[in-house]
Amino acid sequence: MRQFGEGPLSRATALIYTLVIVEGLLVLTAAPGLAVLLFLDRDASNLPLVALCALPVGPALSAAVYALHHRSADITDLQPAAAFWRGYRLNAVGALKVWVPGLAWLTIVAVTLANFRATGLPLWWAVLVALTGAATALWLVNALVITSLFAFRGRDVARLAAYFLFRKLGVTVSNACLLIVAGGVVFASSEAVLALFGSLFVAMLVLGARPLFEVVRQEYTA
């Protein structure tokens, strides 16, 4: 016989509860930067400040990935807050090791593209710079996911993140779609709207990255 907590309604309730708790903690831990970000004008001169405001987002996203990956479907055994804080404690330093350089390079790319006309370079240079920015963003997503769930050295995380861009093209395409949707939400509304749906985006990221998790677990861990 089906036990209490095993039905579809219970599983849906457990998922919604987990998403709500993780969302609250995600916003809380990213709040120092988000609070300032909301008052910045959308001007190219503010891009370095935007990057500084985004620094707390890296560890917060890492903790959310950890919490949602380890979530329980059993409504009688829900501890999303404990999982989030454990992930934050374990992964904050590792997340910053990939988040800071990735964010720095993306800022350089964004500033370059915003002021490209002043450089006098041909248009194909802008396309090349944009492609490097897109590749960096996809690499950063992979690196953040890997460092959130596995205890590798920073350089190993960087190598694996680059390697899986090509080995797991399905994951790369899934991440690209998420980044496009996230960028569209920010462009059409604001960063606050994206933050309000942060846990949902992370849940879709975790779901899409499952093939990557499995390969790393099977081939690169004891």
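Which residues does Val57 touch, not counting residues up to four places away in sequence?

## Surroundings of Val57

In this predicted model, Val57 touches Ala30 and Trp99 once residues up to four places away in sequence are left out of the count. Val57 lies in helix α3, and its relative accessibility of 19% places Val57 among the buried residues, because buried means under 20% relative accessible area.

## Packing of α3 and α6

Helix α3, which spans residues 57-69, and helix α6, which spans residues 123-149, have axes that come within 9 Å and cross at roughly 60 degrees. That angle makes α3 oblique to α6, and the crossing in which α3 passes α6 is right-handed.

On the α3 side the contact is made by Gly58, Leu61, Ser62, Val65, Tyr66 and His69, which meet Leu144, Ser148 and Leu149 in α6. Sorted by class, this contact of α3 with α6 comprises five nonpolar and four polar residues, with no charged residues.

A search of the whole structure for disulfides finds zero. Of the cysteines, Cys53 counts as buried, with a relative accessibility of 8%, whereas Cys177 has a relative accessible area of 44% and is therefore partly exposed, a class that lies between the limits of 20% and 50%.

Definitions and conventions. Residues numbered from 1 in each chain as written. Predicted model: local features only at pLDDT ≥ 70, side-chain atom pairs only at ≥ 80, totals over all residues. Heavy atoms only, no water. Disulfide = S-S within 2.5 Å. Buried < 20%, exposed > 50% of the residue type's maximum accessible area, 1.4 Å probe, protein only. Axes fitted to C-alpha atoms, helices over the stretch in contact; angles between N-to-C directions. Helix = DSSP H or I, 4+ residues; strand = E, 2+ residues; numbered from the N terminus. Parallel < 35°, antiparallel > 145°, perpendicular 65-115°, else oblique. Left-handed = near helix turned anticlockwise from the far one by under 90°. Contact = heavy atoms within 4.5 Å. Nonpolar A, V, L, I, M, F, W, Y, C, P; charged D, E, K, R; others polar.
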